[in-house]
Structure formats: C-alpha cells, structure tokens
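Take a look at the chain shown here. How is a fold like this put together? The report below walks through it step by step.

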Amino acid sequence: MAGASWFFYSPSAGYRDLGAEADIEADGGWVPPEAGAGAAMAEAAVAEVSAASEVERRGAAEREEVGSIEARMDKEKDLNELVARLKQAAGSNLSAVVLYGSAVDLDFREHSDLNVLCLLHRLGGAVLESLRPVGLWWSHKGHPPPLVFTFAELRNSADVFSIELLDMKARHRMLEGADFLAELQVPMAQHKLQVERELRVNVVRLRQSYLRMAGRRSELAELLIASASSFGTLFRHALIALGQEAPSSAREAADRLAKLFAMNAAPFHLVLDLREGKSAGGEMNLEAVFEPYVDLVTRVAEEIDRRLAG
C-alpha cells in the first residue's frame with residue numbers, strides 16, 4: 001500500500017487517489033520560490049485576512065459553532081448505524097470497531113472525516129463480500145471506506161504503519177468491543193524512514209493535485225484544507241523523529257519546526273484558519289497563500305531528509 005498516511009487518513013478523494021512511487025519518479029524537480037518572496041506573500045495574505053471586521057468574525061464563529069454541533073449530531077447517528085450494520089453483516093466475526101482521527105477530539109469540525117477501523121477474527125474474500133454493502137452505504141454517506149484488519153495483521157504491520165498506529169493509540173474512541181489498541185505495541189525502528197518518505201510523497205502529491213486543477217477557487221481551497229491534515233500529522237511526527245516530545249497540535253508542531261529550521265509558519269496557520277473556519281475565506285487570496293505554503297512544506301521535507309540522514 002503506497003503512501004500509508006494517505007491510506008489511513010484519506011483527506012479527500014481527489015487528493016488521495018494519486019500514486020506514490022511512480023509519481024515521485026515522474027516528478028520534474030520543482031524548485032521552490034525564494035524564502036524572502038514566500039514570507040512577503042504570507043505576510044501580505046495575513047494582512048488581507050485580518051482586514052475583515054470583528055463583527056463578521058464573530059458572526060462566522062457563531063455560525064461555525066452551530067454547524068459543528070449539528071454536524072456532530074448527524075455523524076454520531078451515522079456511527080451508530082454503521083456499528084449496527086457491521087454487527088448484522090459480520091455477526092460474531094466482528095471483534096471491535098474504533099473511530100480515530102480528528103473526529104475524536106473536542107475540536108471536531110463540520111468537515112472532519114469519520115475514520116473507522118474494523119477488527120475481525122477472520123478476514124477473506126467471502127467476509128469482504130458480506131461487508132461490501134455496508135462499505136458502499138458508508139461511502140455514499142460521504143465517509144472514507146472503513147479499514148478492515150485482523151488483530152494479527154495489525155500487529156504484524158505495526159512497524160510499517162508506525163505513524164498511523166501511534167496516532168490511533170493517542171486519538172481513538174471505541175465504538176464496539178474491547179480497546180485492542182491499548183495492548184498494541186508499535187515498533188519505532190522504521191518510524192524515521194516513514195516520516196521522511198511520507199513528507200516527500202505528500203509534497204509531490206500536493207504539486208500534482210495543483211497542476212491538474214481547472215483554476216476554480218473552490219478547488220484550491222479544498223486542496224489546501226485536505227493537505228493540511230496530513231502535513232499537520234507529519235510535522236508532529238517529524239519532531240518525534242528528531243527526538244523531541246510530540247506536540248499537542250498541528251499548529252504547535254508547525255511553530256516548533258519553523259523555529260528549529262528558521263522558517264515562517266504563517267502560511268500553514270492561514271491554511272488551518274481556512275480549514276477551521278476562523279478566517280474570512282471569501283476575502284483570502286488563496287494563490288498568495290498557496291505559493292509560500294508549498295515553499296514551507298517543501299523546505300520542511302528537505303530539512304528533515306538532511307537531518308535524519310545526518
């Protein structure tokens with residue numbers, strides 16, 4: 001499975017369907033803009049966003065809170081129905097169902113994906129066929145397809161999915177069954193290599209997704225929002241790979257990496273503001289944000305590569 005973090009976190013359909021190894025080989029060696037130009041564009045974008053009135057900001061925050069509450073209620077209903085359908089389809093073969101990712105936290109947003117892992121005692125072609133109607137229904141509801149594993153498979157693949165499983169252990173909620181993640185040991189031997197590879201893969205996919213866009217503003221907004229989820233995860237794990245304590249949030253991770261590498265984290269904060277509905281998105285110059293954002297994530301990938309190699 002290429003690009004493990006994309007497989008587990010599934011930011012958006014248009015972003016995750018791209019390949020990994022072949023795409024990396026085909027990439028044309030993009031050269032990021034000068035750091036000074038990127039910082040200037042980021043500062044200009046910050047000034048533009050901050051020009052929105054305080055009344056508009058408060059109104060947007062209130063609407064966001066109402067929308068988040070309604071979205072949480074709807075998604076809780078979906079989760080309850082998913083568990084019921086899985087139990088009906090799998091019967092005694094179903095061991096556990098777990099929700100993981102941003103939907104677990106108190107900072108749940110309307111756009112948060114419902115990432116679900118299903119643990120089964122036995123898993124083969126016939127079992128998949130019995131679960132397919134449930135997966136189809138879940139996908140039609142707009143959620144990423146559930147992951148399906150046996151515990152033996154999960155334990156044996158923990159070394160190659162160290163990023164994902166460490167995050168699952170830290171952020172999950174059991175929907176059915178015993179907490180199998182509590183006893184799962186995650187080997188760290190390959191963690192540094194996975195962090196380095198995933199940063200490179202995600203930078204390449206960001207470039208490719210941008211190149212295939214038709215130029216609509218909504219496409220660029222979706223691309224920025226989708227990529228920020230994966231880069232936020234990888235920024236936290238980059239710090240872990242460097243021997244530092246894991247930060248509590250993507251914002252803190254970006255700030256700490258920026259300080260460590262003498263970079264400007266403003267573009268990443270702007271994208272997170274857009275993702276969380278904290279900015280006047282209609283007034284934000286997304287092109288001006290995208291250029292220093294690409295510069296930032298590219299330089300982080302390069303610096304992590306250099307430091308881990310050393």
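**The whole chain**

This is a predicted model. The chain is built from 13 helices and four strands. It has 310 residues, and 47% of them count as buried. The accessible surface comes to about 14700 Å². Carbon and sulfur atoms hold 53% of that surface.

Strands of a sheet pair through backbone hydrogen bonds, either parallel or antiparallel. Here, four strands form an open sheet with mixed pairing. Their order is β3-β2-β1-β4. Which strands lie at the edges? They are β3 and β4, and each pairs on one side only. From one strand to the next, the twist averages 25 degrees.

The strands sit at these positions in the chain:

| Strand | Residues |
|---|---|
| β1 | residues 94–100 |
| β2 | residues 115–120 |
| β3 | residues 147–149 |
| β4 | residues 172–176 |

Look at β1 and β4 together. In what sense do they pair, parallel or antiparallel? The pairing is antiparallel, over four bridges. In this pair, V98 stands opposite M174 in β4.

**A helix on the sheet**

Helix α8 spans residues 162–170 and packs on the sheet. Which strands does α8 touch? Helix α8 touches β1, β2, β3 and β4. The direction of α8 makes about 75 degrees with that of β4.

Key. Residues are numbered from 1 along each chain as its sequence is written. This is a predicted model: local features need pLDDT of at least 70, side-chain atom pairs count only at pLDDT 80 or more; totals for chains, interfaces and linings use all residues. Side-chain values use heavy atoms; hydrogens and water are left out. Helices (H or I, at least four residues) and strands (E, at least two) are DSSP runs, numbered from the N terminus. Buried means under 20% relative accessible area, exposed over 50%, partly exposed in between (1.4 Å probe, protein chains only). Accessible areas come from the Shrake-Rupley method with a 1.4 Å probe; for residues, only the protein chains shown count as cover. Two strands pair if DSSP finds at least two bridges between them. Axes are lines fitted to C-alpha atoms, for helices over the stretch in contact, and angles run from 0 to 180 degrees between N-to-C directions. Contact means heavy atoms within 4.5 Å.
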